[in-house]
Amino acid sequence: NARHLARMTDEILSSARLEAQPDAIASKWEPIDVTALARVVVNAVEPLAVSRGLFIRLETPDAPIRAMTEGTKLHQILFNLLGNGIRFTDAGGVIVRVLDGERHIRLEIEDTGIGIAREHLDRVFERFWQADQTLTRRRGGSGLGLMVCRALAESIGGRIEVESELGRGSVFRVYIPRV
């Protein structure tokens with residue numbers, strides 16, 4: 001409960017900062033090993049996945065994938081998406097992939113969770129929007145995490161997309177420029 005309240009508080013504060021001062025999320029660019037950052041986040045959430053009987057797997061190339069980006073923001077994006085994947089998955093697990101592209105690095109967070117109905121996909125990044133209030137009450141969440149993820153991704157020159165099927169899980173793709 002304490003972790004849930006802390007996470008909700010962080011999401012509300014992030015949302016308020018984004019609304020009050022959109023320029024306040026200006027990025028502090030630095031060279032980042034995206035594979036190492038993904039490994040840190042996966043290791044941080046792995047105990048939660050294991051406690052729920054879920055697997056969590058990281059798939060990366062052997063060589064580091066480097067980008068000039070803002071590590072703290074990318075960390076928060078991954079942490080939020082992984083937390084959601086675990087929270088809305090009852091069986092199976094979550095796979096995180098780091099893929100190296102010519103112009104973008106793509107991070108995929110794929111879960112075997114409850115999924116999102118096609119008619120709701122356009123709204124998942126809206127502030128306080130939740131597909132099913134009863135599920136969110138039972139599983140936790142404020143309806144701000146995905147909105148914050150999108151704003152953070154855009155602040156580092158990236159974007160986020162979702163593909164999902166109700167009852168089969170979701171894939172969130174985060175694209176960040178190589179720069």
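Student: Is arginine 159 buried, partly exposed or exposed, and how do I read that?

Tutor: The general idea is a relative accessible area, where buried means under 20%, exposed means over 50%, and partly exposed lies in between, with a 1.4 Å probe and protein chains only. Arginine 159 has 37% relative accessibility, so this residue counts as partly exposed. Please keep in mind that this is a predicted model, in which local features need pLDDT of at least 70 and side-chain atom pairs count only at pLDDT 80 or more, while totals for chains, interfaces and linings use all residues. Residues are numbered from 1 along each chain as its sequence is written, and side-chain values use heavy atoms, with hydrogens and water left out.

Student: Which residue does arginine 159 form a salt bridge with?

Tutor: Side chains of opposite charge can pair when their charged atoms come close. The rule used here asks for a side-chain nitrogen of Lys or Arg within 4 Å of a carboxyl oxygen of Asp or Glu. Arginine 159 pairs in this way with glutamate 161, their closest N and O atoms being 3.2 Å apart, and glutamate 161 is partly exposed as well, with a relative accessible area of 32%.

Student: Where do arginine 173 and glutamate 163, which also form a salt bridge, lie in the chain?

Tutor: Helices (H or I, at least four residues) and strands (E, at least two) are DSSP runs, numbered from the N terminus. Arginine 173 belongs to strand 7 (residues 169–177) and glutamate 163 to strand 6 (residues 159–165), so that the pair, ten residues apart, links distant parts of the chain. Their salt bridge has an N to O distance of 3.1 Å. Arginine 173 is buried at 17% relative accessibility, whereas glutamate 163 is partly exposed, with a relative accessible area of 46%. Both residues also belong to one network, joined by salt bridges that share partners, whose members are Arg57, Glu59, Arg97, Arg106, Glu108, Glu110, Glu163 and Arg173.

Student: How many salt bridges does the rule give?

Tutor: The count comes to eleven.

Student: What does leucine 81 touch?

Tutor: A contact means heavy atoms within 4.5 Å. Leaving aside residues up to four places away in sequence, leucine 81 touches Ile109, Leu146, Cys149, Ile160, Phe172 and Val174. Leucine 81 is also among the residues with the most contacts inside the largest nonpolar core, which has 41 residues; such a core is a set of buried Ala, Val, Leu, Ile, Met, Phe, Trp, Tyr and Cys residues joined through side-chain atoms within 4.5 Å. Helix 2 gives the most to this core, with seven residues.

Student: How much of the protein counts as buried?

Tutor: Of its 179 residues, 48% count as buried.
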